[in-house]
Amino acid sequence: DFVKEYFAYYRANRRPRSVIRHETSWHAIQPVLGDKRLDEISPFELERYRRQRKQMERSDVTINRELAFLRHLYTMAITWGKATENPVKKVRFARENNGRIRMLSLEEETHLLAHCGPQLRPLVLTALHTGFRKSELLSLTWDDVDFRRHIVTVRAAYAKNGEARSVPMNDVLTATLKAIRMNAAVDGSVFCNRNGRPYKSFRSAFEKAV
């Protein structure tokens with residue numbers, strides 16, 4: 001019953017993708033713990049749940065996400081006076097090691113850029129030469145580009161870790177941004193569509209190029 005209240009709150013305050021991730025976690029948890037009261041779920045039972053999920057060959061990442069959902073659910077339950085303790089805080093999360101370093105080869109980079117249209121190509125080049133995330137690229141304005149010192153900066157409000165960071169501009173990136181700058185508004189966004197409006201997303205164009 002409390003999960004229904006929780007999701008009513010969560011859907012109103014979080015992004016749809018986050019809601020879907022939590023719904024997926026609840027779909028796995030519900031058959032095991034769904035008929036218990038909030039105060040009946042112990043750290044021991046959560047450890048047993050994790051062991052069962054491992055036996056079902058679920059990854060540590062998946063299990064951690066399921067436990068993270070429960071942890072936040074209990075946090076809100078305590079905030080709203082529905083629970084007094086958070087049993088998930090006494091459960092050690094597994095160390096995740098599912099990442100991999102993936103770098104484009106020179107051949108792949110050349111092939112990708114050959115399939116990028118004139119609006120997309122500068123975005124992709126900037127991503128390649130800065131390592132900025134999509135949201136960071138789209139947040140850039142000309143105030144963030146310093147041609148004199150040859151650096152480009154992501155402001156703290158748009159950086160993933162909440163800290164502003166600057167990266168040096170090499171010759172390729174400098175030439176790319178200067179070419180855009182010639183036809184851009186003085187204080188506007190760096191990356192705009194063919195109508196001169198700031199990009200909100202370039203996912204479709206990028207996936208097509210890929």
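Phe-2, Tyr-6, Phe-7, Tyr-9, Tyr-10, Trp-26, Phe-69 and Trp-80 come together as one aromatic cluster. Here, rings of Phe, Tyr and Trp (its six-membered ring) pair if their centres lie within 6.5 Å; planes under 30 degrees apart count as stacked, over 60 as edge-to-face and the rest as tilted. This is a predicted model, in which local features need pLDDT of at least 70 and side-chain atom pairs count only at pLDDT 80 or more, while totals for chains, interfaces and linings use all residues. Residues are numbered from 1 along each chain as its sequence is written, and side-chain values use heavy atoms, with hydrogens and water left out.

**Aromatic pairs**

- A pair of aromatic rings is described by the distance of the centres and the angle of the planes.
- The count comes to 9 aromatic pairs.
- Tyr-6 and Phe-69 have ring centres 5.8 Å apart and planes at 70°, so this pair is edge-to-face.
- Tyr-6 sits in helix α1 (residues 2-13) and Phe-69 in helix α4 (residues 60-79), so to speak distant parts of the chain, 63 residues apart; helices are DSSP runs (H or I, at least four residues), numbered from the N terminus.
- Phe-7 and Phe-69 form a stacked pair, with 5.8 Å centre to centre and 20° between the planes.
- This pair also links distant parts of the chain, as Phe-7 in helix α1 and Phe-69 in helix α4 are 62 residues apart.
- Tyr-6 and Phe-69 are both buried, and Phe-7 is buried too (buried means under 20% relative accessible area, with a 1.4 Å probe and protein chains only).

**Helices α2 and α3**

- The axes of helix α2 (residues 16-33) and helix α3 (residues 43-55) come within 12 Å and cross at roughly 120°; axes are lines fitted to C-alpha atoms over the stretch in contact, and angles run from 0 to 180 degrees between N-to-C directions.
- α2 and α3 are therefore oblique to each other (angles under 35 degrees count as roughly parallel, over 145 as roughly antiparallel, 65 to 115 as roughly perpendicular and the rest as oblique).
- Ala-28, Ile-29, Val-32 and Leu-33 of α2 make the contact with Leu-46, Tyr-49, Gln-52 and Arg-53 of α3 (contact means heavy atoms within 4.5 Å).

**Helices α6 and α8**

- Helix α6 (residues 120-130) and helix α8 (residues 171-181) pack at an angle of about 150°, and their axes are 10 Å apart.
- α6 and α8 are therefore roughly antiparallel to each other.
- On the α6 side are Pro-122, Leu-125, Thr-126, His-129 and Thr-130, which meet Val-172, Leu-173, Thr-176, Leu-177 and Ile-180 in α8.

Key: Helix = DSSP H or I, 4+ residues; strand = E, 2+ residues; numbered from the N terminus. Buried < 20%, exposed > 50% of the residue type's maximum accessible area, 1.4 Å probe, protein only.
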